[in-house]
Amino acid sequence: MSTLSTHINNQSFIMHPSGVLFWKEKSMLLISDVHLGKISHFRKFGAAVPQAAVEKNFEMMNEAIDFFQPEIIVFMGDLFHSSLNKEWQLFEEWVGTVISEIILVAGNHDIISPLKYEDLGIRVVSEIQLDGFLLTHHPEEREGFFNFSGHIHPAVRLQGMGRQSVRLSCFFKSDNQMILPAFGTFTGTYVLEPKVNNEVYALTEDEVFQVQFKESRKRKRF
């Protein structure tokens, strides 16, 4: 497993191939857009999604937690996709195995009552401000802060020679913001077009790597 580190405002952050981001100085693990319950929602209406996909999210979260051993886990919105379904029970059981403090920065899909989360010892907030950093679900520009967010499910399309191309989830960074990739296994992605001041860190199954772009005619090539 190959991670990649970056420094922002004199703080150290480690990007993991699963899409989580670890804030080293705060021992804080940031996880965005898990969308628990989405798979069960689609299965309920006849979509041919394997049941094993439900368990995959929990397995991936456990792997990331085991890797970083964080004191705090912050879900950056859209933790649960919609209303309660049978995955909530799995989530309750999973929370019982986690010793880290858990905070949910509520996203637009987080419609389950905060009381349900509080019963599990999870604090629900609208944002977090900490040492010049702003943690939100939707990307936001606010003077004096570097923003970490989710919501977009960012991806990058890498174009090779001829018609070869591949689409990869990514961390998408600008001067004052980093958008985290969607963590969930059934979430979809949205391709963003990098500009001059952007940094793009693409994900494969076991690696994070920075994408170097160059202009070639009217399209960016990798």
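Let's start with Gln-11, which sits in strand 2 (helices, H or I with at least four residues, and strands, E with at least two, are DSSP runs numbered from the N terminus). Keep in mind that this is a predicted model, where local features need pLDDT of at least 70, side-chain atom pairs count only at pLDDT 80 or more, and totals for chains, interfaces and linings use all residues. Residues are numbered from 1 along each chain as its sequence is written, and side-chain values use heavy atoms, with hydrogens and water left out.

Is Gln-11 buried or exposed? Gln-11 has a relative accessible area of 16%, so it is buried (buried is under 20%, exposed over 50%, partly exposed in between, using a 1.4 Å probe and protein chains only). Its side chain makes a polar contact of 2.9 Å with the side chain of Trp-23 (a pair of N or O atoms within 3.5 Å; within protein, one must be able to donate a hydrogen and the other to accept it, and residues adjacent in sequence count only if both atoms are side-chain atoms). Setting aside neighbours within four places in sequence, Gln-11 touches Thr-6, Trp-23, Glu-25, Lys-26 and Phe-133 (contact means heavy atoms within 4.5 Å).

Now for the whole strand. Strand 2 covers residues 11–15, and five of its five residues are buried. In a regular strand the side chains alternate between the two faces of the sheet. Here, Gln-11, Phe-13 and Met-15 are buried on one side, and Ser-12 and Ile-14 are buried on the other.

What about the turns? The hairpin of strand 1 and strand 2 has two residues between the strands, and Asn-9 there takes a positive phi near 50°. In the hairpin of strand 2 and strand 3, five residues lie between the strands, and Gly-19 has a positive phi near 105°.

Finally, the lining of the largest pocket has seven nonpolar, seven polar and four charged residues (Ala, Val, Leu, Ile, Met, Phe, Trp, Tyr, Cys and Pro count as nonpolar, Asp, Glu, Lys and Arg as charged, and the others, Gly among them, as polar).

Methods: Two strands pair if DSSP finds at least two bridges between them.
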